[in-house]
Amino acid sequence: MAKAIDITGHTYGRLTVIRRNGVAPGTGAAAWLCLCVCGKETTVNGYFLRKLITTSCGCAQRAASIKSNVKRGATIFGRRGVRGSNIDLDIHIERKMAREDEDDEAQS
Ligand SMILES: [Zn+2]
């Protein structure tokens with residue numbers, strides 16, 4: 001498909017791109033291994049990086065976007081998820097917890 005733009009060395013929010021890391025599952029977009037300022041490495045879909053959708057390993061997003069953007073975030077990341085990203089998992093857990101509070105009969 002389209003040739004990926006080389007964004008090695010670029011910084012997006014808390015993430016600095018270390019190197020290309022294959023292809024994001026399900027999307028065909030380039031995935032990039034990034035180092036977060038917190039010291040954690042994470043692989044992110046390049047599209048999410050360039051759009052500044054993903055700007056940390058999840059440590060920042062958890063605080064910032066869960067409150068305002070849970071449903072939208074779940075749509076973006078929950079569709080297929082981004083391997084190596086904790087964001088969709090975090091959101092999933094948060095949503096599950098919230099859901100269980102009000103609906104114990106939801107699928108376990
Ligand atoms: Zn981090």
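1. Helices here are DSSP runs of H or I with at least four residues, and strands are runs of E with at least two, numbered from the N terminus. The model is a predicted one. On that basis the protein contains three helices and four strands. Their order along the sequence is β-β-β-β-α-α-α.

2. The four strands make up an open sheet, arranged β1-β2-β3-β4 with antiparallel pairing. The edges are formed by β1 (11–12) and β4, each of which pairs on one side only.

3. Strand β3 (residues 30–36) and strand β4 (residues 41–45) run antiparallel and are joined by five bridges. Within this pairing, Ala31 has Asn45 as its bridge partner in β4, and Leu33 stands opposite Thr43. The two strands form a hairpin with four residues between them; in the turn, Gly39 has a positive phi of about 100°.

4. Of the 108 residues in the protein, 28% are buried. As for contacts between residues at least 6 apart in sequence, 38% of them join residues at least 24 apart.

5. The largest nonpolar core holds 13 residues, and the members touching the most others are Leu15, Ala31, Trp32, Cys34, Val44 and Leu49. At least two residues of this core come from each of β2, β3 and α1 (46–50). The largest contribution is that of β3, with four residues.

6. Setting aside neighbours within four places in sequence, Leu15 is in contact with Cys34, Leu35, Cys36, Val44, Leu49, Thr55 and Ser56. Among these partners, Cys34, Val44 and Leu49 are listed with Leu15 as core members that touch the most others.

7. Ile18 is situated in strand β2 (residues 15–23). Is Ile18 buried or partly exposed? A residue counts as buried when 20 or more other C-beta atoms lie within 10 Å of its own, and as exposed when there are 12 or fewer. Ile18 has 14 such atoms within 10 Å and is therefore partly exposed.

8. Beyond residues up to four places away in sequence, Ile18 touches Leu33, Cys34 and Leu35. Ile18 and Thr43 are 25 residues apart in sequence, while their C-alpha atoms are 9.7 Å apart in space. Thr43 is the residue in β4 that Leu33 stands opposite, and Leu33 is in turn one of the residues touched by Ile18.

Definitions and conventions:
Residues numbered from 1 in each chain as written. Predicted model: local features only at pLDDT ≥ 70, side-chain atom pairs only at ≥ 80, totals over all residues. Contact = placed C-beta atoms within 7 Å. Pairing = 2+ DSSP bridges. Core = buried A, V, L, I, M, F, W, Y, C linked by C-beta atoms within 7 Å.
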